[in-house]
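Subject: Handover of a structure and findings

Dear colleague,

Please find the structure below, handed over for your own work. My findings follow it.

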Amino acid sequence: MTFIDMESRKLLLRGVFAVNKVKSITSVDVLEIIKDIIVKGIKPKMNPGALRVGHGGTLDHTATGVLVVGVGFGCKVLPKFLHGSKKYRVTAQLGVSTDTYNESGKIIRECSYDHISRDMLEAALTRFHGKILQTPPLYSALKLHGQRVADLTRAGVSVQMEPRSVTCHSIHCLDFSPPYFTLEVHCGGGFYIRSLIHDLGNVLGSCAHVRELHRFQQGPFTEQEMLDSDDWTVPNILIAITKAKATHGDFLKRPRRKYKLI
């Protein structure tokens, strides 16, 4: 247990930092672990119910990489990350589609892919650049009438997802080794990489799903700044918060409230 003075406690309770989310745990699991570490790791003790911990945008449970975490008042700036830019590397597989659009789902379709070349793939990518309409996956963290769409889908409830406007700032093919290919994607808030791969497979006259997904940047935070799970301790979290404040201070400022003069 670490004794922290009032100044450090104040810093902690206004903190924003990045962690490395590993495969097979959810973004919510990460928050619970971080919260438990903070509550049990400092003196004077803190009331768990009074401590708020949040993230700046969900990563799929099979995805890895940068997850921005806010503690206490630090949660106030998290919408900037939710709606802001993100960068991903994704490896996908042609010829197979699943109900979740990634490797964790049930195979629902198999198609030929021998006709697809790298040139054909790169030409198809131009259709997904800029502002586009994209339909989110049925297995997603989006909510409908207060319930997660993924939970409704698993319960057998028929859900109609509507396309919505999203932005892809850039998209490049890094490797093409059929049936696998790897892309680097820079996108805005609300963009689903799983939907991109699913739709791209259809455009190519085949089908596809995500095999591996890694987020290497979220807002100004890069993977060089994220804390690995072995380093999730109160002292290391305080160091990460301090570095983030020094490096990204302007971005992390909360917008001031505007008051009307009467």
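This is a predicted model: local features need pLDDT of at least 70, side-chain atom pairs count only at pLDDT 80 or more; totals for chains, interfaces and linings use all residues.

Residues are numbered from 1 along each chain as its sequence is written, and side-chain values use heavy atoms, with hydrogens and water left out.

Helices (H or I, at least four residues) and strands (E, at least two) are DSSP runs, numbered from the N terminus. Helix 6 covers residues 193-203, and eight of its eleven residues are buried; buried means under 20% relative accessible area, exposed over 50% and partly exposed in between, with a 1.4 Å probe and protein chains only. The buried residues are Ile-193, Arg-194, Ser-195, Leu-196, Ile-197, His-198, Leu-200 and Gly-201. After helix 6 comes Gly-205, with a positive phi near 75°.

The largest nonpolar core has 30 residues, and those with the most contacts inside it are Phe-181, Leu-183, Val-185, Phe-191, Ile-193, Ile-197 and Leu-200. A nonpolar core is a set of buried Ala, Val, Leu, Ile, Met, Phe, Trp, Tyr and Cys residues joined through side-chain atoms within 4.5 Å. At least two residues of this core come from each of strand 6, helix 4, strand 12, strand 13, helix 6 and strand 14. Strand 12 gives the most, with five residues. Apart from this core lies another, of 23 residues, among them Val-53, Val-71, Trp-232 and Ile-241.

Leu-200 is in contact (heavy atoms within 4.5 Å) with Leu-121, Ala-124, Leu-125, Phe-128, Phe-181 and Leu-183, leaving aside neighbours within four places in sequence.

**Salt bridges**

A search of the whole structure finds six salt bridges, each being a side-chain nitrogen of Lys or Arg within 4 Å of a carboxyl oxygen of Asp or Glu. Side chains of opposite charge can pair when their charged atoms come close.

Asp-60 forms a salt bridge with Arg-194, with the closest N and O atoms 2.8 Å apart. Asp-60 lies in the loop between strand 4 (53-55) and strand 5 (64-71) and Arg-194 in helix 6, so the pair ties together parts that are 134 residues apart in sequence. Arg-194 counts as buried, at 4% relative accessibility.

Asp-36 and Lys-40 meet through their side chains at 3.4 Å, N to O, in another salt bridge. These two are four residues apart in helix 2, and therefore separated by about one helical turn. Asp-36 is partly exposed at 37% relative accessible area, whereas Lys-40 is exposed at 55%.

In the salt bridge between Asp-250 and Lys-253, the N to O distance is 3.5 Å. Both of these residues are exposed.

**Helix 2**

Helix 2 consists of 15 residues, 27-41, which should span 21 Å at 1.5 Å a residue; the end C-alpha atoms are 21 Å apart, in agreement. The expected span is 1.5 Å times one less than the number of residues. Ser-27, Val-30, Leu-31, Ile-34, Ile-38, Val-39 and Gly-41 are buried in this helix.

**Individual residues**

Thr-98 is located in strand 7 (residues 96-98) and is buried, with a relative accessible area of 2%. A polar atom of the Thr-98 side chain lies 3.1 Å from the backbone nitrogen of Tyr-101, and the side chain also reaches the backbone oxygen of Asn-102 at 2.7 Å. Not counting residues up to four places away in sequence, Thr-98 touches Gly-105, Lys-106, Ile-107, Ile-108 and His-209.

Leu-133, in strand 9, counts as exposed at 66% relative accessibility. Its C-alpha is 6.2 Å from that of Val-166, although Leu-133 and Val-166 are 33 residues apart in sequence. Leu-133 touches Pro-163, Arg-164 and Ser-165, residues up to four places away in sequence not being counted.

His-248 belongs to helix 7 (residues 234-248) and counts as buried at 10% relative accessibility. Beyond four places in sequence, His-248 touches Pro-220, Phe-221 and Glu-225.

Yours sincerely

Notes. A polar contact is a pair of N or O atoms within 3.5 Å; within protein, one must be able to donate a hydrogen and the other to accept it, and residues adjacent in sequence count only if both atoms are side-chain atoms.
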